[in-house]
Amino acid sequence: SSANQLWRYTESAGIWSATPQVTAIPELRDISLSNDGSKLLVLTGYAIEERDPANPGAGAQRVIPAPFPPSTKQGSRYFGQFAVANDGHAVVATAGLGTSGFSETYIYSSTKRSFSQLPATLHLYAAVDGEVSPMLNGSPDGSVVLAVMGGLNPDPAVLAYNSSVSFMAE
């Protein structure tokens, strides 16, 4: 929604700004810094935006659209969340509008600015209204991104993206 906002506080000599720079970003889902910190990666429902981390309110410097069209039809896909690895790739989870089930998972390449869909065996489960959704998280050094799906019986496998070989597997 248009109510989604990014708040940026600044720090100088140990003092934080009292008032943040607030930027409205429609369909905001997730944010992360690029590996080198030069870009703020913003995941919306239907794109990854590259913004200047020092001035995100200036707007997107580049918009990389999702590999599927925006839609308001039940069951249509949208980006839900992502986690960035240290090799310039990100694991991107999708969800279905108003539906539950296994949903496409993509690897985003920041150098190629493109998405590659993973095979069906590596799709992640997402439920209506986020009741159950995959949890994506990168290791502190970004060498591994884990995808964990909870709330299912039996428990599904934990998926791991290994940046040293740019590969995702169970």
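The structure is a predicted model, so local features need pLDDT of at least 70 and side-chain atom pairs count only at pLDDT 80 or more, while totals for chains, interfaces and linings use all residues. Residues are numbered from 1 along each chain as its sequence is written, and side-chain values use heavy atoms, with hydrogens and water left out.

Aromatic rings come up first. Rings of Phe, Tyr and Trp (its six-membered ring) pair if their centres lie within 6.5 Å; planes under 30 degrees apart count as stacked, over 60 as edge-to-face and the rest as tilted. On that basis there are 8 aromatic pairs. In one of them, Phe68 and Tyr106 have ring centres 6.1 Å apart and planes at 45°, so the pair is tilted. Phe68 sits in the loop between strand S8 (62-65) and strand S9 (77-84), and Tyr106 in strand S12 (residues 105-109), so the pair ties together parts 38 residues apart in sequence. Strands (E, at least two residues) and helices (H or I, at least four) are DSSP runs, numbered from the N terminus.

As for accessibility, buried means under 20% relative accessible area, exposed over 50%, and partly exposed in between (1.4 Å probe, protein chains only). Phe68 is buried at 13%, and Tyr106 is buried too, at 6%. Another tilted pair joins Tyr108 and Phe115, with 5.1 Å from centre to centre and 45° between the planes. Tyr108 is buried at 1%, as is Phe115 at 16%.

Four strands make up an open sheet in the order S5-S6-S7-S8, with antiparallel pairing; two strands pair if DSSP finds at least two bridges between them. Strand S5 (28-33) and S8 stand at the edges with a single partner strand each, so one side of each has no neighbour in the sheet. On average, neighbouring strands here are turned by 20° against each other, direction ignored. Between S5 and strand S6 (residues 40-44), the antiparallel pairing runs over 5 bridges, and Asp30 stands opposite Leu43 in S6.

Finally, Glu27 is found in the loop between strand S4 (21-24) and S5. Glu27 is partly exposed, at 29% relative accessibility. Its side chain joins that of Arg29 through a polar contact of 2.9 Å (a pair of N or O atoms within 3.5 Å; within protein, one must be able to donate a hydrogen and the other to accept it, and residues adjacent in sequence count only if both atoms are side-chain atoms).

Note on methods:
Axes are lines fitted to C-alpha atoms, for helices over the stretch in contact, and angles run from 0 to 180 degrees between N-to-C directions.
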